[in-house]
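Subject: Model for your review

Hello,

Here is the structure we discussed. Please look through it, and then read the notes below.

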Amino acid sequence: MQRILRILERDARTSPTAIAQMLGMPEEDVRRVIQECEQRRIIRRHKTVIDWEKAGDERVYAFIDVKVQPAREVGFDDVAARIFRYPEVRSVYLVSGAHDLRVVVEGSSMKEVAFFVAEKLATVDRVQATATYFILKKYKEDGEVLAEPEEDRRLAVTP
Amino acid sequence: MKPRIAHGVQSLPSSGIRRFFDLVATLDDVISLGVGEPDFVTPWRIREAAIYSLEHGFTQYTSNAGLPALRTAIARMLAQTYGVEYHPESEVLVTVGVSEALDLALRAILNPGDEVLIPEPCYVSYRPCTTLAGGIPVGVPTLAEESFRVRAERLAAAITPRTRALMLNYPNNPTGASLRRANLQAIADLAEQHDLIVLSDEIYADLSYAAPHICLASLPGMRDRTLLLNGFSKAYAMTGWRVGYACGPADLIGAMTKIHQYTMLCASMPSQQAALEALRNGQGDRDEMVAQYSERRRLFVRYLNEIGLPCHEPDGAFYAFPSIGSTGLSSEAFAEQLLREERVAVVPGNAFGAVGEGYVRCSYAASLADLLEAVARMERFVRRHAASPARTAVTATSQ
């Protein structure tokens, strides 16, 4: 299962037929494992990595560190849930360190993101403080280096 | 004017690959399956370790035999992986790639006229290096129907009173074949019986897919008659660093070190620092690359068979060695026409010895996308050149 998932993580469009041949296992087994992984939500979705800036769509992203007063029974979970339901919010993590939640927010302008933080995030009950860090340049995202790939420098024919 | 080039060099055939390389350089849009090196660049942690060592002034000669820490790490790795013990002080020599180690080994052991058994097809330098060292290369054929595994009987048939050494290279370039324990044991018995030294080029050892690699020196009695040659080029994608090593009994390694200290002096410091990092922390990167080669291998070999280029499933390295019999072309004609007509570069099998005629070497150290595109182009080519049905049938039955 691990090898199948690794191949799909590298290229989600690799066909079960090709995977079966790559791993030397029957195609039905590959299809069954993928289906099981989808059912058990080990495979959540097959997404595409897009360089939006290159596509001419200038989006603004910011990390928002959020300080939260935890509550009995629920800890930080209820506050996290209030935050992650906004579509503007791309990721939410509970983290160790000076703050409690790290949130990634997406917007069409810095102003839009700043207003979202001021009006929606900072005003959630038990949120005590926020700190906003706008992303200026993305070098690598989810294991994908967002620069032109290095050219193949090998000689064309070598023994 | 007197001839300026020494007779031995004058008569040395130039590499068959060279002419082919010049032709590739004149064409655009070529997918090359002709490359004998990984398509990965050296893992970053290894490159970074070399940069760090330069920043900190490690720019000097090292001791002739190599950095003590590197020799110790090599000995420890061999002991852990294969259970073969070498003394880092006297039985390990760090060289400028396996190429240098091979040259040193041949020069250290051959007297003029000594014969060296070389299973073929084989790496392009075995014959010329033997000749340059004053020896006589004696080719021993390996066959597709025997999965290109050298048979002890065939070796035995080639042994004469002048036979001094045997060259082995498994996993093999260009065929991808590996030897099973029974094969190896039969060869070891033969070496013992005829008192042969075995030069075992195990540069592709880590790229073994079908079964774990068996180190020849790990067989009973073989450690003291084996020169184990290995390096970092293939497993750690470090071809351009030029760093390898030889391990063996102290008298042989001592003799090789003597030549090495007068000719090469030592392998380069940054490369040795990089190699040390590869052994200390590079295993994860290596294993991931090996897994990817193995996956491409199965897919690629399956497609080659489907398009009419029959090919055994290689056990190791990153080469497929399909038969081109269905086209009726010689391997050089096949390679040249495939390149001109479909812009795919492969290496003609006869570059690896006459017995390689009728085959081509295709490297699957290329991205999946390139491999699939190359197969599509090769399929068009094979269809266009399919020999007459009668001829195809004959070839098919001989496979």
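Two residues are taken to be in contact if their C-beta atoms, placed from the backbone, lie within 7 Å. Among contacts in chain B between residues at least 6 apart in sequence, 75% join residues at least 24 apart.

This is a predicted model, in which local features need pLDDT of at least 70 and side-chain atom pairs count only at pLDDT 80 or more, while totals for chains, interfaces and linings use all residues. Residues are numbered from 1 along each chain as its sequence is written, and chains are lettered from A and ligands numbered from 1 in the order in which they are written.

Confidence: the model scores ipTM 0.75 and pTM 0.88. The average pLDDT (the predictor's confidence in each residue, from 0 to 100) is 94 for chain B, with 97% of the residues at 70 or above. In residues 389-399 of chain B the pLDDT falls below 50, and this stretch has eight contacts in the model beyond near neighbours in sequence.

Chain B: there are 14 helices and 12 strands, counted as DSSP runs (H or I, at least four residues, for helices; E, at least two, for strands) and numbered from the N terminus. The radius of gyration of chain B is 21 Å, close to the 21 Å that the globule rule gives for 399 residues, so chain B is as compact as a globular protein of that length. That radius is taken over C-alpha atoms, and the rule is 2.2 Å times the number of residues to the power 0.38. Of the 399 residues in chain B, 50% are buried, that is, have 20 or more other C-beta atoms within 10 Å of their own C-beta, placed from the backbone.

Cores: a nonpolar core is a set of buried Ala, Val, Leu, Ile, Met, Phe, Trp, Tyr and Cys residues joined through C-beta atoms within 7 Å. The largest has 131 residues, and B:Ala105 and B:Ala246 have the most contacts inside it. Leaving aside neighbours within four places in sequence, B:Ala105 touches B:Leu199, B:Leu227, B:Leu229, B:Ala246 and B:Met256.

Chain A: an automatic or database domain assignment divides chain A into domain 1 (2-39) and domain 2 (60-136). Their C-alpha centres lie 36 Å apart.

Interface: 15 residues from chain A and 23 residues from chain B take part in the contact. Helix H1 (2-10) and helix H2 (16-23) of chain A each supply at least two residues of the chain A side, and H2(A) gives the most, with four residues.

Regards

Methods: A residue is buried if 20 or more other C-beta atoms lie within 10 Å of its own, exposed if 12 or fewer, and partly exposed in between; C-beta atoms are placed from the backbone.
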